[in-house]
Amino acid sequence: MRFFLAAAALVAAPAMAAPAPRLPEASFAALPQPLPLPYDEAADAHKDVAAAIARAKKAHKLVLVDLGGNWCADCRILAGTMALPSLNPWLKKHYELVTVDVGRYTKNLDIGATYGVTRPKGVPALFVVDPRTNKPLNPTSSVTALADARSMTPQALADWLAQWTK
């Protein structure tokens, strides 16, 4: 019985064929300051998402749709972590990243609704999208997993991003 349960757990877990790189930064104190302001408040988010999907299809990558706002400390911590030289090349190899400004939950919420979340309970809200189907790979229950990024480590953020890579 124990063998059966262990085998079932392996089948249910997402494959990590492309594990995250080991980051030398042990805490967010190592991030360059000031933290980035990753969300272009004047961008045409729908156009940006469509372009990221087209690029990802062509390059055989996944799309990482990041809903958030420049006012959000956790969003800026995530952006600073993703910009690290120890993580960014890996991220670019596996994902087309598109940042979507949601204001103070006042705009672009229809993009999240496209992927099953009308109004995220927090930001950043991340959707890992298969560009061939335009469907999210991560369950809606995990979309706001990084909304409390500051309570994690840079490595934990990188490992979360690696869950859906191929």
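This is a predicted model: local features need pLDDT of at least 70, side-chain atom pairs count only at pLDDT 80 or more; totals for chains, interfaces and linings use all residues.
Residues are numbered from 1 along each chain as its sequence is written, and side-chain values use heavy atoms, leaving out hydrogens and water.

**View A. Strand 1 and strand 2 run parallel.** Seven bridges join strand 1 (residues 62-68) to strand 2; strands are DSSP runs of E, at least two residues, and helices are runs of H or I, at least four, numbered from the N terminus. Strands pair if DSSP finds at least two bridges between them. L64 has L97 of strand 2 as its bridge partner. In strand 2 (residues 95-101), five of the seven residues are buried (under 20% relative accessible area, 1.4 Å probe, protein chains only).

**View B. L161 touches L64, W90 and Y95, among others.** Its other contacts (heavy atoms within 4.5 Å) include M82 and L126, not counting residues up to four places away in sequence.

**View C. Strand 2 gives the most to the lining of the largest cavity, with three residues.** This cavity has a volume of about 30 Å³, the space filled by probe spheres set on grid points joined across faces, edges and corners. On a 1 Å grid over the protein atoms alone, a cavity is a set of points where a 1.4 Å probe fits but cannot get out, and lining residues have an atom within 4 Å of a point. Among the lining residues are D40, E41, T99 and K107.

Terms used. Buried means under 20% relative accessible area, exposed over 50%, partly exposed in between (1.4 Å probe, protein chains only). On a 1 Å grid over the protein atoms alone, a cavity is a set of points where a 1.4 Å probe fits but cannot get out, and a pocket is an open set with protein on both sides within 12 Å along at least five of seven lines; lining residues have an atom within 4 Å of a point.
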